[in-house]
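User: Got a model open here and want to talk through some contacts. Can you take my questions as they come?

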Amino acid sequence: METGIGRNAEGISEGQYMQELFRMREVDIKEYSPLALAYIGDAVYDLIIRSLVVNEGNRQVQKMHKRTSSMVQASAQARMITALNGLLSEEEHAVYKRGRNAKSMSPAKNQSVSDYHKATGFEALVGYLYLKKEWKRMLELIKAGLDALEEGEGTAVLTK
C-alpha cells in the first residue's frame, strides 16, 4: 500500500495511531460543549503559532514568547475570525457562533469582552476542525486569518 500524507506504511493516519496507542474512545464531536472545543482549539492554535515562531529562527525564548503572545491574544484572534467570516461554511459558522456565545466562567484578561467572545468562537472552530481531523481546512483558515492580520497591520506576520 502506498503511503500518503498523514499515513504510515500500514495505511494508518496519525490521528488513528494516536487514538489506538492511547486507547482513546470514539466521541461524537457534537457532544462536546463549545468551551471544551475552545479548550483544545486554544492549545492547537498556540502550538501552530509557536511552530511558526520557532521556524523563523533560533533566538531568545523571551523574544519568541513575545512574538507568540501577540498572535494568540484575543484581539488578534478576533480580527482573524472577522476576516474569515466570508470563508466559513454554514457548519463552521455555527460552531464559531456556539463558541462565541458560550458563557465562560473566566473573565477576559486585558482584552475587551467582545474580542474575548470572538476569540473563544475562533478557538472553538479550531478545536472542532482538529477533533474532526480536518487539519488541512483548519490550517488553511489559520493561514488566511494570519494573512488578513498582515494586510491589516502592514507588518510581516508569521507566514512568510
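User: Is Glu134 buried or exposed, or something in between?
Analyst: Glu134 is partly exposed, because its relative accessibility is 28%. Buried means under 20% relative accessible area, exposed over 50%, and partly exposed in between, with a 1.4 Å probe and protein chains only. This is a predicted model: local features need pLDDT of at least 70, side-chain atom pairs count only at pLDDT 80 or more, and totals for chains, interfaces and linings use all residues. Residues are numbered from 1 along each chain as its sequence is written, and side-chain values use heavy atoms, leaving out hydrogens and water.

User: What does Glu134 form with Lys132?
Analyst: A salt bridge, 3.0 Å from N to O. The term means a side-chain nitrogen of Lys or Arg within 4 Å of a carboxyl oxygen of Asp or Glu.

User: Which salt bridge does Lys132 make with Glu91, and at what N to O distance?
Analyst: Their side chains meet at 3.1 Å. Lys132 sits in the loop between H6 and helix H7 (135–153), and Glu91 in helix H5 (residues 90–101), so the pair ties together parts 41 residues apart in sequence. Helices are DSSP runs (H or I, at least four residues), numbered from the N terminus. Lys132 is partly exposed at 30% relative accessibility. Glu91 is partly exposed at 38%.

User: How many salt bridges in the whole structure?
Analyst: Seven.

User: Which residues do shared partners join into one network?
Analyst: Glu56, Arg59 and Arg67.

User: How far apart are the closest N and O atoms of Arg67 and Glu56?
Analyst: 2.9 Å, in a salt bridge. Arg67 is in helix H3 (residues 61–72) and Glu56 in the loop between helix H2 (34–55) and H3, so this pair links parts 11 residues apart in sequence. Arg67 is partly exposed, at 24% relative accessible area. Glu56 is too, at 34%.

User: New topic. At what angle do H4 and H6 cross?
Analyst: Roughly 65°, with the axes of H4 (residues 74–84) and H6 (residues 113–131) coming within 8 Å. Axes are lines fitted to C-alpha atoms over the stretch in contact, and angles run from 0 to 180 degrees between N-to-C directions. H4 and H6 are therefore roughly perpendicular, a label for 65 to 115 degrees.

User: Which residues meet there?
Analyst: Among them, Met80, Ile81 and Leu84 in H4 meet residues including Tyr116, Phe122 and Leu125 in H6. Contact means heavy atoms within 4.5 Å.

Methods
Helices (H or I, at least four residues) and strands (E, at least two) are DSSP runs, numbered from the N terminus. Angles under 35 degrees count as roughly parallel, over 145 as roughly antiparallel, 65 to 115 as roughly perpendicular and the rest as oblique.
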